[in-house]
Amino acid sequence: GVGKQGFQCQVCAFVVHKRCHEFVTFSCPGVEEVANIEDPRSKHRFKVHTYTSPTFCDHCGSLLYGLVHQGMKCGSCEMNVHKRCVRNVPCLCGLDHTEKRGRIHLKCQIEGESDLHVTVGEARNLIPMDPNGLSDPYVKLKLIPDPRNKQKTRTIRSTLNPTWNETFSLNMETGFNPDLDVHTPAPET
């Protein structure tokens, strides 16, 4: 788009969409009190890398320019950044701080030997599926391998943070050891 499309930190130059800034889960590495940076499990292993197609910095969002050795790539999480951005990248290697698919809150309770009660509470930070940058999310519940025992929440229009608060009862046969499959389908095209 044209114009201001998001926010950029004035200290570390991290960029984020306007609709996503509330979901950033780490502190700016430019401030003095940063979470345990000395933890070796969360440090990135950046090495100079040559890209064969246009690639953007995962930290500041700008193009990694040049013909060879355009940027740095983490050997573990494959994060791509400018050489100048390496010192500002938070030590979150291996952690999915972007929540690529969002999160859903479920409460599951087994009553007796055959009744499973599932409460579908809410979802947060879902991925946009519609051209307007939002989604029309719903949740399907089914017990595998029994395809007949399935239920669905209502569809909530135009949101990435739906709240359902719906409770479902699924009947399990005695001696049946099912897996619960929660599915948020892709949009129909």
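1. Thr159 is buried, with a relative accessible area of 16%, where buried stands for under 20% relative accessible area, exposed for over 50% and partly exposed for what lies in between (1.4 Å probe, protein chains only). Thr159 belongs to the loop between β9 and β10, the strands (E, at least two residues) being DSSP runs numbered from the N terminus, as are helices (H or I, at least four residues). Its side chain comes to 3.0 Å from the backbone nitrogen of Asn161, a polar contact in the sense of a pair of N or O atoms within 3.5 Å, of which, within protein, one must be able to donate a hydrogen and the other to accept it, while residues adjacent in sequence count only if both atoms are side-chain atoms. With neighbours within four places in sequence left aside, Thr159 is in contact with Leu134, Ser135 and Pro137, contact being heavy atoms within 4.5 Å.

2. A word on the basis of these values: this is a predicted model, in which local features need pLDDT of at least 70 and side-chain atom pairs count only at pLDDT 80 or more, whereas totals for chains, interfaces and linings use all residues. Residues are numbered from 1 along each chain as its sequence is written, and side-chain values use heavy atoms, with hydrogens and water left out.

3. The model has three salt bridges, each defined as a side-chain nitrogen of Lys or Arg within 4 Å of a carboxyl oxygen of Asp or Glu. One of them joins the side chains of Arg157 and Asp136, at 3.5 Å from N to O. Arg157 lies in the loop between β9 (150-152) and β10 (163-171), and Asp136 in the loop between β7 (115-124) and β8 (140-144), so this pair ties together parts that are 21 residues apart in sequence. Arg157 is exposed, at 59% relative accessibility, whereas Asp136 is partly exposed, with a relative accessible area of 27%.

4. Arg154 and Glu166 form another salt bridge, in which the closest N and O atoms are 2.7 Å apart. Since Arg154 is in the loop between β9 and β10 and Glu166 is in strand β10 itself, the pair ties together parts that are 12 residues apart in sequence.

5. Turning to the sheets, three strands form an open sheet in the order β6-β7-β10, with antiparallel pairing, two strands being taken as paired if DSSP finds at least two bridges between them. The edges are β6 (103-111) and β10, each of which has a single partner strand, so one side of each is left without a neighbour in the sheet. Direction ignored, neighbouring strands of this sheet are turned by 15° against each other on average, the axes being lines fitted to C-alpha atoms. Seven bridges link β7 and β10 in the antiparallel sense, and the partner of Leu116 in β10 is Leu170.

6. β3 and β4 (residues 71-74) are joined by four bridges, with Val48 opposite Met72 and Lys47 opposite Lys73. β4 and β5 pair over two bridges, and Val81 is the bridge partner of Met72 in β5. The hairpin of β4 and β5 has five residues between the strands, and in this hairpin Glu78 takes a positive phi near 65°.

Methods:
Axes are lines fitted to C-alpha atoms, for helices over the stretch in contact, and angles run from 0 to 180 degrees between N-to-C directions.
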